[in-house]
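Please take a walk through this structure with me. We start at one residue, then turn to helix packing and charged pairs.

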Amino acid sequence: MDIGYLLPTRDQSAAGEHDLGRLVARARRAEELGLDSVWAGDSPVTRPRADPLLLLAAVAEATERVAVGTAVLLPALRHPILLAHQLATLDRLSDGRLIAGMGAGYPMPATEAQFAAVGVGFARRGSRMEESIEIMRRLWSGEEVSHRGEHFAFEDVRIAPPPSRPGGPPIWLAGGGPALRRVARLADGWLPYPPEAAAYAAERAAVERAASRPVTPALYATLCLDDDPEKAHHRMRGSIERYYNAPLEFVASVQALFAGTAEDAAAWLDGYVAAGARHLVIRLATEDHDTGLEEFADRVLPLTREENDR
């Protein structure tokens, strides 16, 4: 069971801080503290932040062991030839440590506005993403590719360099409910954020039954740590509402969020591990991300490791 850390790209931008070197330093520190992966989110317009692929290229050069992943990239905003080229290059830079986490985009007005801003139809984003995945995997073969589909058409295209790994980096898809069929058909991994472990277990089992290939079950979860649970809840509200520009109650109804003590956070995460999660991607809701990372590694990580080594 692996545990990863989401770089606070959005939090830093929202605070008016744009020193990307601090993010790379946190990635390096996460590796030193024993975490297994480092992740970056994607939202150029709705929740502006550093470009995840450029940032992860710097992270790949600054680290040696951790996986580097997108949580999650929106491929429908980009042309698949260009995105396949970027991801193949990043897989090379990281010596095959890349995980390409992808999603279609959550249906809300701000997300629709982001698609409109770049001239992409929001209603067809799912089929555009699926076609992009098909194209990218073909291009990652290193062979010349021609394609004529619903969204894209081109002739005799080859990209170089090819990815570090034959077939390209693993693609992990977000989503639950109706999106589970897409996960089962297309994904190498599943990166959802259901608010209850029981729901996670049921959906994981559904993916497992329908999948034609092994699918790594992962989890995206937000933690806010404090020895005083009331203070943790207060800080969680501020962080979530600043991050998503939406009420905490709404976000908590669709996402895995926990606010409380380190011991209780570890027990809460263990519930998802018992439900089948094998890779945890942790977003920390905190105003001091350097201290927050140290606290998570010192107080939560050992408890989670200990429980799952039994």
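Leaving aside neighbours within four places in sequence, Phe115 is in contact with Ala76, Leu77, Ala104, Val120, Gly121, Phe122 and Arg125. Contact here means heavy atoms within 4.5 Å. This is a predicted model, in which local features need pLDDT of at least 70, side-chain atom pairs count only at pLDDT 80 or more, and totals for chains, interfaces and linings use all residues. Residues are numbered from 1 along each chain as its sequence is written, and side-chain values use heavy atoms, with hydrogens and water left out.

Phe115 sits in helix 5, residues 109–117. Helices (H or I, at least four residues) and strands (E, at least two) are DSSP runs, numbered from the N terminus. Is Phe115 buried or exposed? Phe115 is buried, with a relative accessible area of 0%. The cut-offs are under 20% for buried, over 50% for exposed, and partly exposed in between (1.4 Å probe, protein chains only).

Now the helix pairs. Helix 2 (residues 20–32) packs with helix 3 (residues 52–62) at an angle of about 45°, and their axes are 9 Å apart. That makes helix 2 oblique to helix 3. Axes are lines fitted to C-alpha atoms, for helices over the stretch in contact, and angles run from 0 to 180 degrees between N-to-C directions. Under 35 degrees counts as roughly parallel, over 145 as roughly antiparallel, 65 to 115 as roughly perpendicular, and the rest as oblique. Helix 2 brings Leu20, Leu23, Val24, Ala27 and Arg28 to the contact, and helix 3 brings Leu55, Ala58, Val59 and Ala62.

The axes of helix 3 and helix 4 (residues 80–93) come within 9 Å and cross at roughly 15°. Helix 3 and helix 4 are therefore roughly parallel to each other. Leu53, Leu56, Ala57, Ala60 and Glu61 of helix 3 meet Leu83, Gln86, Leu87, Leu90 and Leu93 of helix 4.

Charged pairs come next. The whole structure holds 22 salt bridges. A salt bridge is a side-chain nitrogen of Lys or Arg within 4 Å of a carboxyl oxygen of Asp or Glu. One of them joins Arg137 and Asp188, with the closest N and O atoms 2.8 Å apart. Arg137 lies in helix 6 (residues 125–139) and Asp188 in the loop between helix 7 (180–186) and strand 8 (189–190), so the pair ties together parts that are 51 residues apart in sequence. Elsewhere, salt bridges that share partners join Glu17, Arg22, Arg26 and Asp290 into one network.
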